Amino acid sequence: MSNPESAELLPFIVYFCAVVLLVATMLILSWLLGQRRQNKSTNMPFESGVLSVGSSQIRLSVEFYLIAIFFVIFDLETVFIFAWAIAFFELGWYGFFAILVFILVLTVALIYEWRSGALDWGVKTRTGIGES
Amino acid sequence: MMTPTELYALAPFIWLSVGVIVLMLQIAFSRSLNGACWVTNLTLLVALYSMVGHDPAGIQVTPLMRIDALGLMFCAVIICGSVVTSLLARDYLKQRPAENEEFFLLLLLATLGACVLVCATHVASLLLGLELLGVALYGLIAYPEKGERSLEAAIKYLVLSGAASATLLFGFALLYAATGTMDFAILADKLDTIQVNSNPIIVLTAAAFILSGLAFKLSVAPFHMWTPDVYEGAPAPITGFLATVSKGAVFVVLLRWFIDGQLYEFRGIILGLSAVAIASMLVGNLLALRQDNIKRILAYSSIAQFGYLLVVLIACGTLTESIPLAREAASYYLLAYIITTLGATGLLTLLSSESARERDHIGDIVGLFWRRPLLSLGFTVAMLSLAGIPLTAGFIGKFYIFKIGADAELWALMSAVIVGSGLGIFYYLRLVFNMTKNPRQVHALPQQTSLEGRSVLLLLTLLILALGVYPQPLMDYLSAIL
């Protein structure tokens, strides 16, 4: 422990040990002193006191996920455009053309999504699949 | 602000990106496999042509990328590899009707990522390239719609690759904490002062994390577990792409980081790399012996090949003046490896293009010599080159490894290379023997593969032989530009 860095670390090590000790004491004490029951409802899932109904394996339409992913993508795009808009005057024409290219790429992606039927709910109308 | 010269230097990247956009619009309005294939190849050729006439001395474009001879040469190799992959993939995909056009979109994106990677001189561009390449590859590996094996392979690759990227990031974060820079060249100066002034433990830890992350992508032991499963599950053209373009690009960026950042001055890193190199030579070659799947054999063989290649990095540690030779050796070895592996997986792709099933079991090539003499000859040349038999490109590559290893007096590594090569001959020749077996099964199959697939394979075979018989022009060229 001659190294000054290790001396600085000492409080953290003590703290870490104290946390482990505290949690262990609490668990062991409650295990030793606590009561144990084996009823019909002991092992039932506890949902804020409400009995659970039905299966947890619900099948959701995949379109919900698709829309959620579109939201993430377009939301991120908005973030970038906002960042550019705040610094509009500082960035000048260089920034303008950069964001123009960015928006162009986004538009192409949107056209792709539209044409491949990702925006339709329910029955998909895709390009080329049935035709070719 | 970018000057016109810098924009001109970035031309290949810009063309590749434009190609991606055009291909996306084309898929949106008229889906056609042939159309997508031609747009892809046109893009790749335009990008290749836009590299002609660049200054080989190199130009730094923003702090992120350096477009120099090494980067341009490997960009060209990567683009040629993608051309081969896309030509072979067209026939392969025709056998598997589905929405196959996006395959080419992902292929172009992966190519762009690999090109960014070989020109990266900064941690940010390294990660950008790596992720662009990786994310496109997840899609490509899982491409066959109903393939359970490919889905399994893609999930394995996704999870493990994500863990490797996290390790890599953590390593770079530690390195940044220690040195305060993310640029490879500045890193070298900073490391010099740190090594003199205080203890280098944080740098060593960082380097260990970074090398583990990159070693995963290069699949050297002990980070090789994913390789056979992913190679086996991926569609045959992508197995070739993964083994050549993806690994080659990662090795080039490792070379840049390791040499520009002067990481070879740390004794501990060199020792660790030596252990990894010896382990992957032995593990790769020993585990390949009992495999019956050709893709798995190629996977284990690539583990061993990258073990040999690591000798080049280790040699920089003991012999600082051998660094130009190290670059030359690594470039030649990688070129030979890429051409050879593309040839070997190309044959598997051609065979798999004739049926809806992957023909990658050793039983599928029994008696191939009697059915497809020319193709089997090409495969034989590729196997001999991987084994390092004279008159093939692989021999010259291995010769470079021996030369640099002997110069640096790395005798333990050299003996591992010899043992590994000896073991390797067994399973490479086993494949060749299987092709000559059983001449009774001579039923002339209808030739279903297209002309360009076969001619690409023939061209690769001729290249392997040319680089093995007359390597002087390429060697002179490499030593002139690097």
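1. Starting with a helix pair in chain B: H7(B) and H9(B) (residues 201-218) pack with their axes 8 Å apart, at an angle of about 155°. Helices here are DSSP runs of H or I with at least four residues, numbered from the N terminus; axes are lines fitted to C-alpha atoms over the stretch in contact, and angles run from 0 to 180 degrees between N-to-C directions. The two are therefore roughly antiparallel, given that angles over 145 degrees get that label. Their crossing is left-handed, i.e. the near helix is turned anticlockwise from the far one by less than a right angle.

2. Who makes that contact? On the H7(B) side the residues include B:Leu160, B:Leu168 and B:Phe172, and on the H9(B) side B:Ile202, B:Phe209 and B:Lys217 are among them. Contact means C-beta atoms, placed from the backbone, within 7 Å. By class there are 16 nonpolar, six polar and one charged residues (Ala, Val, Leu, Ile, Met, Phe, Trp, Tyr, Cys and Pro are nonpolar; Asp, Glu, Lys and Arg charged; the others, Gly among them, polar).

3. Before going on, a caveat: this is a predicted model, so local features need pLDDT of at least 70 and side-chain atom pairs pLDDT 80 or more, while totals for chains, interfaces and linings use all residues. Residues are numbered from 1 along each chain as its sequence is written, with chains lettered from A and ligands numbered from 1 in the order written.

4. H11(B) (residues 236-260) and H14(B) (residues 323-352) have axes 7 Å apart and an angle of about 170°. That makes this pair roughly antiparallel. Among the contact residues are B:Gly240, B:Gly248 and B:Phe251 of H11(B), and B:Arg327, B:Leu334 and B:Gly346 of H14(B).

5. B:Ser150, back in H7 (residues 148-179), is buried, with 22 other C-beta atoms within 10 Å (20 or more is buried, 12 or fewer exposed, in between partly exposed; C-beta atoms are placed from the backbone). Its C-alpha is 4.2 Å from that of B:Gly233, 83 residues away along the chain. Leaving out residues up to four places away in sequence, B:Ser150 also touches B:Tyr143 and B:Pro235, among others.

6. B:Ala221 and B:Pro222 are joined by a cis peptide bond, omega about 0°, and B:Pro222 sits in the loop between H9 and H10 (226-233).

7. B:Gln262 is not a glycine, yet has a positive phi of about 50°; this residue lies in the loop between H11 and H12 (267-288) and is partly exposed, with 19 other C-beta atoms within 10 Å.

Note on methods: Two residues are in contact if their C-beta atoms, placed from the backbone, lie within 7 Å. Angles under 35 degrees count as roughly parallel, over 145 as roughly antiparallel, 65 to 115 as roughly perpendicular and the rest as oblique.
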